[in-house]
Amino acid sequence: MSGLLAIVVLGILILIFGLRLVLQSSNTSTQSQSVTMEEFANAREALDTVFVEASAIERIFSTDDMEFISRSGTPKVQRLFLKERKALAIQWLRKTQKQVAQLMDLHLRLAGYTHEPSPRFELKLTAKYLKFSLVSYILLLLLWLRGPFKAKRVVAYTSGVAGYFCTVFSLRLESVEFRR
Amino acid sequence: MNTNFIWWSGIALEAVILLRGKNTGLLKKYPLFYFYIGCVLATEIIGVLIYQFAYDLYEPLYWSTELATIVASYAVIIEIFRCSTRHKPGLRRLAQNLFLIVFGLTVAYAASDFVQGGFGSLSAAILELGRDLRYVEGGVLLVMLWLFVRYRIPLGRNLVGLIIGYSFWVGFNVVNLAFWFLPGNEFSILLRGLLPATYVVTLIIWCVTLWSAHPEPVQPSETKIERDYELLASKTQAILARASSRVARIMKP
């Protein structure tokens, strides 16, 4: 029975990926296939902002400010503070997700030009990206439900993985060789 | 009546695909695909003739031609791979490694399944071998589709049509064959009834998408991108080196 299930899943996955390919082809027919100057510039800009804002991000999730407000502020001020921090945290997370996705997209397109891609490395990167996507969505849910101060460990993970992707991107750039 | 209609429609569509391939020049571009279509057309014409004039020979012939067309369909997968990775040497190498792994795994699974099968008759043995070959084909096709989607491989309209038709046919076949071997399953009877119709749908997809030759996606202009790229890459590396050291500093407890 498990064999049957595996084969049915295989068949269904083929059909799903086939459909996905149709959608992808209709979307990319209007876009340029190569990695453009503008995209490089955007990726660089995105990378810059991720790290330049790192200290500010630390501050968003830091409990120091919350403790200070709890001691001296009225309940109304506390609520306002929490609301603003929550909005900021969600905004930061969405931005990070978008930037990592952009880097991943660029990486995948550049990989096509790399003369010696490592299958092990590519699989590892895929697994890491899937894990990152999952954790970042869980974090998003946590932020919605519990606010920014109770999700600090997941935030540290998200930042760490975003940093990892940036390093990977850097390595990819080193190994890319356009066809000569 | 319906069976005959589907049969003749299939033959007519295959003939049209071959003729259009010759007229548009796609036959030279995708020779292995047209070889497959030619094989199927030939076996179907022979099948019709045998069915009409020597019915006793039809059953043994049917199973052997079925196996031959499944083997010939591997030509399509080779064609898709050859055309889609023409300008991607790195990806071609990566895909070859992945295919070898998937091929090895599925062949091992299919072989063990085949050996354990206990062949009651020649037709049952051929049917099982055909099923296992389809599973292998399905495994390789899935990896290929995953690579196309993941690496956003630019594909021309003709090639996309070829892949879509092929995926539809193989995907449906794999599910159908899985249920075929489940005795007393009513869903299997329904799927078996639908199989000839899905083949006609596949031929219609191929007929429409290969009706005329479409240009291949434009590859990046090498000289310009190479020059610009090297300049930008060196700048990006400098930014990343700076950024990485910042991350390391921030992440320290």
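Visitor: How many helices and strands does chain A have?
Guide: In this predicted model, chain A contains 7 helices and 0 strands. Its elements, read from the N terminus, follow the order α-α-α-α-α-α-α.

Visitor: And what share of its residues count as buried?
Guide: Of the 180 residues in chain A, 29% count as buried.

Visitor: Let us take one residue. Where is A:I60 found?
Guide: A:I60 lies in helix α3 (residues 54-61) of chain A.

Visitor: Why is A:I60 classed as partly exposed?
Guide: Because 19 other C-beta atoms lie within 10 Å of A:I60, and a residue is buried at 20 or more and exposed at 12 or fewer.

Visitor: Which residues is it in contact with, neighbours within four places in sequence aside?
Guide: A:I60 is then in contact with A:R85, A:L88, A:A89, A:W92 and A:P148.

Visitor: Turning to chain B, at what angle do the axes of α3 and α4 cross?
Guide: Helix α3 (residues 31-53) and helix α4 (residues 58-84) of chain B have axes that cross at roughly 170 degrees and come within 8 Å. Angles over 145 degrees count as roughly antiparallel, and α3(B) and α4(B) are therefore roughly antiparallel to each other.

Visitor: Which residues make that contact?
Guide: On α3(B) they include B:F33, B:Y36 and B:V40, and on α4(B) they include B:L61, B:T65 and B:E79. By class, this contact has 16 nonpolar, 5 polar and 1 charged residues.

Terms used. Residues numbered from 1 in each chain as written. Chains lettered and ligands numbered in written order. Predicted model: local features only at pLDDT ≥ 70, side-chain atom pairs only at ≥ 80, totals over all residues. Axes fitted to C-alpha atoms, helices over the stretch in contact; angles between N-to-C directions. Helix = DSSP H or I, 4+ residues; strand = E, 2+ residues; numbered from the N terminus. Parallel < 35°, antiparallel > 145°, perpendicular 65-115°, else oblique. Contact = placed C-beta atoms within 7 Å. Nonpolar A, V, L, I, M, F, W, Y, C, P; charged D, E, K, R; others polar.
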